[in-house]
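Open the model in a viewer and keep the selection tool at hand. The stops below can be taken in order.

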Amino acid sequence: MSENRRAAVLGSPIAHSLSPVLHRAAYRELGLTGWTYDRFEVDETGLPDFFKHLGEGAGPAWAGLSLTMPLKRAVIPLLDEISDTAASVEAVNTVVFGDDGRRRGDNTDIPGMLAALRERGVGRVERAAVLGAGATASSALAALSRICDGEVTAYVRSEARAAEMRQWGERLGVVVRTADWGDAAEALGAPLVIATTPAGTTDALAAAVPDRPGALFDVLYEPWPTPLAAAWAARGGSVVGGLDLLVHQAVLQVEQMTGRAPAPLAAMREALAAR
């Protein structure tokens, strides 16, 4: 596959995105010298126009797009089809352009979470806890639907958020119990804890990490480690971080966009470390 192709990440804000580092490293390792990967500042209102003008003029054909917030849901009406995984959480982070011109959406965040957990030796668990609600929390529930045999407890700040999480649980086939954020320290005793909250939200929980913790998946990657992740690791628990998720979901994107598998995980991770 030596022809020139192009891909990009879209979102707003987008300047901080590490996707170009990962995808360009993959292209180098795969010998795709004619491939480029850029970033574009695009919000929800500008997305339809961006799609309208894709492919206009001379230049390489589009292979695919990575999507970050706030576009993961807004892109769906612009696509010809979406995968079952993307449909399950109503969120698309990957668009692949077929040779027939069709635009197919997928969600690599969910299998990326599972791959990151497997890499740290986390397989099936008897129960789990999710800290927070929202888009990342629904992806966490989707991942847990595949590996958790029992109940998932979601710790949230409002009854509205609690209702949302219970609804996602019903949709995804997960037994979700909700609890007040004030009791979040109780979550840390679960075999697997997934923290989906913004930076600083879980800092106060660091002092409550048990002596023999299970596994923690903290989706943040900056700043890293979070106080919770540092305390967890200090007590011998297994820790999966946001960069692990980032690289694993990007591996799956590269495979879909280039048609080359396996994608070079080691080279992508090295590029991330060297950035």
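In which loop is Pro-13 found? Select the loop between strand S1 (5-11) and H1: Pro-13 is there. Helices (H or I, at least four residues) and strands (E, at least two) are DSSP runs, numbered from the N terminus. A cis peptide bond joins Ser-12 and Pro-13, with omega about 0°.

The model is predicted, so local features need pLDDT of at least 70 and side-chain atom pairs count only at pLDDT 80 or more, while totals for chains, interfaces and linings use all residues. Residues are numbered from 1 along each chain as its sequence is written, and side-chain values use heavy atoms, with hydrogens and water left out.

Met-69 and Pro-70 are joined by a cis peptide bond, with omega about 5°. Then select Glu-90, in the loop between helix H3 (84-89) and strand S5 (94-97). Phi of Glu-90 is near 50°, a positive value in a residue other than glycine. Most residues other than glycine have a negative phi, and most peptide bonds are trans.

**The largest pocket**

Now select Thr-68, Met-69, Lys-72, Asp-109 and Thr-136, which lie nearest the centre of the largest pocket among its 46 lining residues. A pocket is an open set of points on a 1 Å grid over the protein atoms alone where a 1.4 Å probe fits, with protein on both sides within 12 Å along at least five of seven lines; lining residues have an atom within 4 Å of a point. The volume of the largest pocket is about 1300 Å³, taken as the space filled by probe spheres set on the points, which are joined across faces, edges and corners.

Colour the elements that each supply at least two lining residues: strand S3 (61-67), helix H4 (109-119), helix H5 (135-147), helix H6 (159-172) and helix H8 (242-258). By class, the lining has 21 nonpolar, 17 polar and eight charged residues. Here Ala, Val, Leu, Ile, Met, Phe, Trp, Tyr, Cys and Pro count as nonpolar, Asp, Glu, Lys and Arg as charged, and the others, Gly among them, as polar.

**Helix pairs**

Show H4 and H5 together. Their axes come within 9 Å and cross at roughly 60°; axes are lines fitted to C-alpha atoms, for helices over the stretch in contact, and angles run from 0 to 180 degrees between N-to-C directions. H4 and H5 are therefore oblique to each other, a class left over once angles under 35 degrees count as roughly parallel, over 145 as roughly antiparallel and 65 to 115 as roughly perpendicular. In H4, Ile-110, Met-113, Leu-114 and Leu-117 meet residues of H5 including Thr-136, Ser-139 and Arg-146; contact means heavy atoms within 4.5 Å. That contact divides into eight nonpolar, two polar and one charged.

Ala-137, Ser-138, Leu-141, Ala-142 and Ser-145 of H5 touch Met-165, Trp-168, Gly-169 and Leu-172 of H6.

For the last stop, select helix H1 (residues 19-30) and helix H9 (residues 265-274), whose axes come within 8 Å and cross at roughly 135°. Residues in this contact include Val-21, Arg-28 and Glu-29 of H1 and Met-268 and Leu-272 of H9.
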